[in-house]
Amino acid sequence: MTAVEHDADVIVVGAGPGGSATAYHLARHGVRVLLLEKTEFPREKVCGDGLTPRAVRQLIRMGVDTSPEAGWLHNRGLRVIGGGVRLELDWPELASFPNYGLVRTRLDFDDLLARQAVAAGAKLRTSVNVLGPVLDGDGRVTGVEAEVGPGKEPTTFRAPLVVAADGVSGRFPLALGLAKREDRPIGVAVRRYYRSPAKHEDNYLESWLELRSKDSGDNLLPGYGWIFGLGDGRVNVGLGVLNSSSAFGKTNYRRLLTDWLANTPEDWGMTDEANADGPILGAALPMGFNRVPHYTRGVLLVGDSGGMVNPFNGEGIAYAMESGELAAEVVVQALARPAGPERERALLAYPNELKARLGGYYRLGGIFVKLIGRPEIMRIATKHGMPHPTLMRFVLKLLANLTDPRGGDAMDRVINAMTKAAPAV
């Protein structure tokens, strides 16, 4: 097949944050990009809606206006509640990252990023349900099979390279035989919106390390919780449970959420079902590179499709966007080479660079997940760690992966040394 017959230089499957970031950075370099999304925008997505400075940096790299005037709610840091202590930790002052986080619903956020990709030159097609890959005689992917529109019209789109950014379900990589690795951490999160005039304009993201119901006494509920103000009269409230917990897969997570919220102050509005704005929705959190390889046979995996959620804090958007930008950089270099061994050599830089950047850090995250899955260890950690603000500032930097890679303070140097010393996953 000649290049003239290709529908694009690159097909990106999925217009979430990872797919839109990939398409944006490719289009900015003059690559012909076809961005395929199975739904219509705006659309709902299960998420905490909170963005750390790591994600903010990626928005700025995409030219997004992150000012309050553009509809973003800024936050100063993280409020941690646990061990009988309530501690407010500001985001660190770093050269590599801004010192503020953001909150915005995925209903707005994903739509905005997709439009940013289009503005850069990407071609977006919605209501395109990608079913699987088109393979050549050597088993290499040369396009995708899809159903288009309400009539589900069978359609084939062709390109020499495909980026799978189709989220946690990973239908596209699954069609290539790339199953999730069972030895990597995974979580389940549920969230709901509530009308809460008392909490909606909070300038800190709130993280609960200990969850209790009214009748649990000293017994902790499994998991960790969050309350993020949206600035529009509502809050995003949710909880996550990791597969290192004995409760994983054996718990009614929706009931768990309402049990915890029943123990919150009444004026917050989360004890009254009448204040709920929509149903409780849940999603899986694929962590620590739980699907590999990240490049094979003409396909690059980006974001949740490649299991890139941070095991330390459940953050996925920043890593989806980072991997999308990296994938774009690699693809631009690869397309400048002739198809064959030279191009393949360039494309293999993608998984190698991902491993170099995040492999050691995710290895540490896997150890962390195993430790906090044990209630007795979590109880000791919160009891003895929370009263020490300096230690908790170190923990915030570690959990949010916010350090300066060169220079920085003593905390940065310790964390960077730890991640370099850990064998990459």
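Two strands are said to pair if DSSP finds at least two bridges between them. Helices (H or I, at least four residues) and strands (E, at least two) are DSSP runs, numbered from the N terminus.

## Model and overall form

The structure is a predicted model, in which local features need pLDDT of at least 70 and side-chain atom pairs count only at pLDDT 80 or more, while totals for chains, interfaces and linings use all residues. Residues are numbered from 1 along each chain as its sequence is written, and side-chain values use heavy atoms, with hydrogens and water left out.

The chain contains eleven helices and 19 strands. Its C-alpha atoms fill a box of roughly 70 × 50 × 45 Å along the principal axes. A compact globule of 425 residues would have a radius of gyration near 22 Å, and the chain has 22 Å, which agrees. That radius is taken over C-alpha atoms, and the globule rule is 2.2 Å times the number of residues to the power 0.38.

Of the 425 residues in the chain, 55% are buried. Buried means under 20% relative accessible area, exposed means over 50%, and partly exposed lies in between (1.4 Å probe, protein chains only). Among contacts with a separation of 6 or more, 70% are between residues 24 or more positions apart; a contact means heavy atoms within 4.5 Å.

Strand S9 (residues 128-135) runs antiparallel to strand S10 (residues 141-148), and seven bridges join them. Asn129 has Glu147 in S10 as its bridge partner. The two strands form a hairpin with five residues between them, and Gly139 in the turn has a positive phi of about 80°.

S10 also pairs with strand S11 (residues 153-158), in the antiparallel sense, over six bridges. S10 and S11 form a hairpin with four residues between them, where Gly149 in the turn has a positive phi of about 75°.

## Two open sheets

An open sheet of three strands has the order S3-S7-S4, with antiparallel pairing. Strand S3 (50-51) and strand S4 (73-75) are its edge strands, each pairing on one side only. S3 is joined by two bridges to strand S7 (residues 101-103), and the two run antiparallel. Gly50 has Val103 in S7 as its bridge partner.

Another open sheet has six strands in the order S8-S2-S1-S12-S19-S18, with mixed pairing. Strand S8 (123-125) and strand S18 (295-296) stand at the edges with a single partner strand each, so one side of each is left without a neighbour in the sheet. S18 pairs with S19 in the antiparallel sense over two bridges, and Tyr295 stands opposite Leu300 in S19.

## Strand S13 and its partners

Strand S13 (residues 186-195) is mostly covered, with nine of its ten residues buried. It pairs with strand S16 (residues 234-242) in the antiparallel sense over nine bridges, and Arg192 has Val237 in S16 as its bridge partner. S13 is also joined by six bridges to strand S17 (residues 281-286), again running antiparallel. In that pairing, the partner of Gly187 is Leu285 in S17.

## Helix H6

In helix H6, 15 of the 19 residues are buried, so the helix is largely enclosed by the rest of the structure. At 1.5 Å a residue, the 19 residues of H6 should span 27 Å, and its end C-alpha atoms are 27 Å apart, which agrees. The expected span is 1.5 Å times one less than the number of residues in the helix.

## Aromatic rings and charges

A search of the whole structure finds nine aromatic pairs. Rings of Phe, Tyr and Trp (its six-membered ring) pair if their centres lie within 6.5 Å; planes under 30 degrees apart count as stacked, over 60 as edge-to-face and the rest as tilted. Phe312 and Tyr361 form a tilted pair, 4.9 Å centre to centre with 45° between the planes. Phe312 lies in the loop between strand S19 (299-301) and helix H6 (317-335) and Tyr361 in helix H8 (residues 349-372), so the pair ties together parts that are 49 residues apart in sequence. Both Phe312 and Tyr361 are buried.

A charge sits over a ring if NZ of Lys or CZ of Arg is within 6 Å of the ring centre and within 35 degrees of the ring normal. The charged end of Arg104 sits over the ring of Trp72, 4.6 Å from its centre. Lys199 lies over the face of Trp268, at 4.2 Å from the ring centre.
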